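Here's a quick tour of one model, with the sequence and coordinates to hand. Have a look first, then read on.

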Amino acid sequence: MSNNKNWYKLDNAAKIVPSTAKGANTRVFRLTCELNEEVDGNILQAAVDETIEEFPFFNCVLHRGIFWYYLEDSDLKPVVEEEHSPACLPLYIPGHKNLLYRVNFFEKRINLEMFHVLADGTGAFMFFKSLIIRYLQKVHNLNEDIKPIDEFSIEEKNVDAFTDNYSKGKGLKQLKEMSSVKAYQLTGELDDNLLPHLLEGTVSSSKFLGLAHEYDTTVGVLCVALYIKAVIQTMNRSQRKKHVVVSVPVNLRQFYESGTARNFFGVINIDYNPADYDGNLKSIIDPVDRDFKEKLSSENIEKTMNSYSALEHNLAIKMVPLPIKDFTIGRFDRAAKKGVTTSMSNLGRISMPKEVEEYIDRFSAFMTAASQQVCVCSFKDKMTFGEVSPYKTHRVMLNFFRCLSEVGIEVELGSNDYDEEI
């Protein structure tokens with residue numbers, strides 16, 4: 001590669017990531033595909049080498065500039081290894097030149113881990129699905145013309161969709177509002193080394209959808225409502241005076257036409273007062289449903305999208321040197337977290353070409369957090385909830401799964417091997 005390497009500005013959601021990657025919250029997420037057969041590491045390496053050519057933006061390293069971080073093309077090559085270390089370890093180490101993603105495998109599982117600077121879950125899944133298809137093509141001699149259902153050109157994948165859709169003058173007000181609420185905070189015994197503890201629960205997609213229909217609601221609303229109920233079950237009477245606030249990332253590609261593989265999401269906060277809970281799940285579902293509908297209105301979605309762009313386009317913020325930005329964004333992030341109890345990200349149904357479906361058992365996703373975050377996705381009839389937390393036990397998620405078991409939905413549980421208790 002020539003010395004004149006391409007460099008890229010971070011998209012607007014990515015700008016806050018390096019400043020907030022602290023402690024247990026490494027801002028690394030993991031996507032997992034479990035196959036119906038053992039993984040061949042050599043073939044997986046060949047598949048990665050070919051797939052990254054379709055996503056050159058991901059093969060960058062992160063640098064510190066005077067005013068912002070930026071990405072630069074790299075001639076580094078990803079090395080596929082058998083998994084031998086804890087999940088979601090840091091990918092960005094200041095002062096080190098290294099790739100911001102890794103691919104590893106263990107038995108039947110292929111894992112993609114990525115620093116949130118590069119992409120959100122939806123964007124990373126574009127890469128991951130292409131990788132899985134290419135791997136299965138090689139292993140089973142499948143037709144080379146098989147492509148992901150949501151295939152886009154290299155140019156479309158590399159677009160900064162925030163810049164394309166930004167509306168001047170909107171956004172900073174919402175950022176201030178997000179840091180003004182005080183919510184109930186989850187607690188627990190922290191891992192001595194702040195390592196991420198993963199818990200994976202798999203249920204029947206059709207049974208969960210059936211339960212949502214029984215309550216005349218959507219899968220997304222039911223997920224959050226059950227999660228709020230699980231949190232309330234951990235609270236004592238005094239703690240129930242505080243609101244439970246669930247932060248829900250929203251895929252903005254649903255509202256703006258975009259095929260970007262970079263970050264393009266907003267966040268809405270679903271606020272619930274435990275005093276309104278009467279023991280019936282319906283008393284949580286109804287207000288959660290109203291909150292979703294209000295915050296997913298076109299006007300509020302535009303505000304959510306612009307809240308990220310406002311950081312870059314505000315002249316006063318733009319001219320502040322990076323060390324001061326790091327400090328200021330870090331303070332804002334800590335203040336904003338006081339207004340959130342926990343986070344739940346629904347990545348939806350993962351669609352794959354019919355030619356490869358038979359070789360895949362399930363997909364799952366995990367995102368690190370200072371406290372706790374849950375990612376939801378489904379493939380065929382397997383709906384998977386992946387929780388990451390620095391706490392040694394999983395009180396809230398075990399309550400969540402008990403709620404499902406009580407209504408006849410069986411749960412298959414799995415956890416990483418150093419958990420003391422699940």
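## Aromatic pairs

Rings of Phe, Tyr and Trp (its six-membered ring) count as a pair when their centres lie within 6.5 Å. On that basis, this predicted model holds 18 aromatic pairs. Some of the rings join up: Phe-55, Phe-57, Phe-58, Tyr-101 and Phe-127 are linked into a cluster by ring pairs.

Lys-15 lies over the face of Trp-68, 5.3 Å from the ring centre.

## The open sheet

Five strands make up an open sheet with mixed pairing, and the order runs S5-S6-S7-S2-S12. Strand S5 (81-82) and strand S12 (360-367) sit at the edges with a single partner strand each, so one side of each has no neighbour in the sheet.

Further in, S6 (residues 101-106) and S7 (residues 109-115) run antiparallel and are joined by six bridges. Asn-104, for instance, has Asn-111 in S7 as its bridge partner.

## Helices across the strands

Which strands does helix H2 lie across? H2 (residues 41-51) lies across S6 and S7, and runs at about 155 degrees to S6. Helix H3 (residues 121-140) lies across S2 (28-35), S6, S7 and S12, at about 30 degrees to S2.

Helix H8 spans residues 219-232, 14 residues in total, and reaches 20 Å from its first C-alpha to its last, close to the 20 Å expected at 1.5 Å a residue.

How many of the residues of H8 are buried? The count is 12 of 14, so to speak a mostly covered helix. Among the buried ones are Val-221, Leu-222, Cys-223, Tyr-227 and Lys-229.

Technical notes. Residues are numbered from 1 along each chain as its sequence is written. This is a predicted model: local features need pLDDT of at least 70, side-chain atom pairs count only at pLDDT 80 or more; totals for chains, interfaces and linings use all residues. Side-chain values use heavy atoms; hydrogens and water are left out. Helices (H or I, at least four residues) and strands (E, at least two) are DSSP runs, numbered from the N terminus. The expected span of a helix is 1.5 Å times one less than its number of residues. Buried means under 20% relative accessible area, exposed over 50%, partly exposed in between (1.4 Å probe, protein chains only). Rings of Phe, Tyr and Trp (its six-membered ring) pair if their centres lie within 6.5 Å; planes under 30 degrees apart count as stacked, over 60 as edge-to-face and the rest as tilted. A charge sits over a ring if NZ of Lys or CZ of Arg is within 6 Å of the ring centre and within 35 degrees of the ring normal. Two strands pair if DSSP finds at least two bridges between them. Contact means heavy atoms within 4.5 Å. Axes are lines fitted to C-alpha atoms, for helices over the stretch in contact, and angles run from 0 to 180 degrees between N-to-C directions.
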